[in-house]
Amino acid sequence: MANKTGATIELLNVSKVYPNQPEPAVENFTMTINPGELVMLVGPSGCGKTTTMKMINRIIEPSSGSIKIDGQDILTLDQNQLRRNIGYVIQQIGLFPHMTIAENVAVVPTLLGWSKDKIRARVAEMLELVELDPSVFSNRYPKQLSGGQQQRVGVARALSADPPVMLMDEPFGATDPITRERLQAEFQQLQANIGKTIVFVTHDFEEAIKLGDRIAVLSKRSKIEQFDTPANILANPASEYVASFIGEGAALKRLALMRVDSAVESGNATGPAISRDENLRVALDSVVLNAGRPVPVVGGGRVSIESISAALGIDVSRLGQ
Amino acid sequence: MGKYDLSLIWPFFLDKLDEIIELSTEHVLVVLISVLLATIFGVSLGLFAWDKPLLRSASIATAGVILTIPSMALLALMIPTFGLGWVPTLIALALYSLLPIVRNTVVGLREVPEAVMESARGMGMSPLRVLLSVQMPIAWPVILTGLRVATQLAIGIASIAAYVAGPGLGVYIFKGLSMLGAKNALNFALTGTVMIIIIALLFDALFILIKRLTTSRGIRG
């Protein structure tokens, strides 16, 4: 695991059978995750998605199969050494209440035997990365922080030793909707900069679409129903099951993933202008509010119902006939 | 038994001051040593047994049974083996102190939230490291409360030690009871009792201080 900016994770025929349970929790799970990729495992409660993830840092030991990180079989590694190279964020956060924020973030570097100066610098760097002012927060205790701030510390703590791999188990699940959106946006920004290989478990499909490079939709026994990019899953759900998971408004969800850029057409329009960086769902919203008439785009051009539909790949040539 | 004149206790107190100080010192010492013994054994047992259901229940139940043995009976039982004086007293007090210490150690360690335990393991801490640098500090206030209860228990029961010619202020209480009706009977009994209360209060204050000094600000109530 020398490569510090994301590693390949290969799971091959991984199964987990608990004693006294007739059915395996995970059965023959096979998946390859590319370096720097953020893979979302999505599925209903009890489908085995969390079990699958926890086998990667051996919080749960697989019953059979092999798991490799950068080609190295993790089952042959020392458990604690392995875990120090994998960032781990859980829903309940699990900060150590008796340690200050700085001490919490310093845990893994301390375990790895870094020097005091290096640790101090790293802690400050990590807190800044998650937008917490080190001079304010370093010496506070977890109970003095809000839920959202605690979750950021959880992410900083997981990243502190610069692990190539991160495992995240519904990290934003326990926060209120507004905080969750902000944390998601920040996390997206963060991942764009750090490029870790991340396995992210969620039951929230919206979250999966928003954050994932690829999404694995799972059903019972962690069976992969579909493993593809958010756009492809929305456009071509592989089965009834996946479609039901997407729920209503698949087109709108796809629009939310596309930039205004992709639907700009030439022409003039009146009304409030929209930025090129916005997504097409926002653009559609503006068009509807503009009584269905095209709206101008900042920097030239416009978007219309037709251009938005066309961007989704819908044949608009016969429109208006 | 005639009326008792409370004003007589002060001259009695001054007259017996040296002896009172000696008995009080003995009382404190016997409590300190026995609670220390119970702490070493009880905390070790708790650290070892907290995650082993059978051993955990067995040790708490045993310590509980010991506590139900009347102190007189336990002390009397020890005379054939350990004779009279300090030794049977220390052993009996240590045994009585075990329950709150073992129980609070086990409860404290078990009360550490599962999320905290899982993230400690998930970050690559060895089981021993999790126990010493995460569980123990978080469980510490609960364990300390166990020690405090054990100490209070030992201070009270230590007064019975005089029954086996043991040390401490029990000597005065027993003396007072045995000479009931005599002029100084109540003086002896009352002095013994009041000194025991004072010792108990001082120990309690000491524990409050220790708790403040040794508990992380992050988990202080």
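Ala185(B) is in contact (heavy atoms within 4.5 Å) with Gly176(B), Met179(B) and Leu180(B), leaving aside neighbours within four places in sequence. The model is predicted: local features need pLDDT of at least 70, side-chain atom pairs count only at pLDDT 80 or more, and totals for chains, interfaces and linings use all residues. Residues are numbered from 1 along each chain as its sequence is written, chains are lettered from A in the order in which they are written, and side-chain values use heavy atoms, with hydrogens and water left out.

Ala185(B) lies in helix 9 (residues 185-214) of chain B. Helices (H or I, at least four residues) and strands (E, at least two) are DSSP runs, numbered from the N terminus. Ala185(B) counts as buried because its relative accessibility is 4%. Buried means under 20% relative accessible area, exposed over 50%, and partly exposed in between (1.4 Å probe, protein chains only). Val87(B) is 98 residues away from Ala185(B) along the chain, and their C-alpha atoms are separated by 28 Å.

Chain B has nine helices and zero strands. From the N terminus on, its elements run α-α-α-α-α-α-α-α-α. Its C-alpha atoms fill a box of roughly 75 × 40 × 25 Å along the principal axes. Of the 221 residues in chain B, 46% are buried. Among contacts in chain B with a separation of 6 or more, 77% involve residues 24 or more positions apart. The chain exposes about 10900 Å², and carbon and sulfur atoms supply 73% of this area. Accessible areas come from the Shrake-Rupley method with a 1.4 Å probe; for residues, only the protein chains shown count as cover.

A nonpolar patch lies on the surface of chain B. Its members are Leu29(B), Leu32(B), Ile33(B), Leu37(B), Phe82(B), Trp86(B) and Val87(B), with about 590 Å² of accessible area together. Helix 2 (17-49) and helix 5 (86-110) of chain B are the elements that each give two or more residues to this patch. Helix 2 gives the most, with four residues. Patch residues have over 30% relative accessible area and no salt bridge; nonpolar side chains (Val, Leu, Ile, Met, Phe, Trp, Tyr) are joined within 5 Å, like charges within 9 Å. Leu32(B) is found in helix 2. Leu32(B) counts as partly exposed because its relative accessibility is 44%.

At the interface, 25 residues of chain A are in contact with 21 residues of chain B. The two chains bury about 1900 Å² between them, 63% of it on carbon and sulfur atoms. In chain A, Phe96(A), His98(A) and Leu111(A) lose the most area to chain B, together 28% of what that side buries. Buried area is the accessible area (1.4 Å probe) that two parts lose on being put together, summed over both.

The rule finds one salt bridge across this interface. Lys54(A) forms a salt bridge with Glu118(B), with the closest N and O atoms 3.0 Å apart. A salt bridge is a side-chain nitrogen of Lys or Arg within 4 Å of a carboxyl oxygen of Asp or Glu. On the side of chain A that touches chain B, helix 2 (79-84), strand 6 (86-90) and helix 4 (107-111) of chain A each give two or more residues. Helix 4 of chain A supplies the largest share, four residues.
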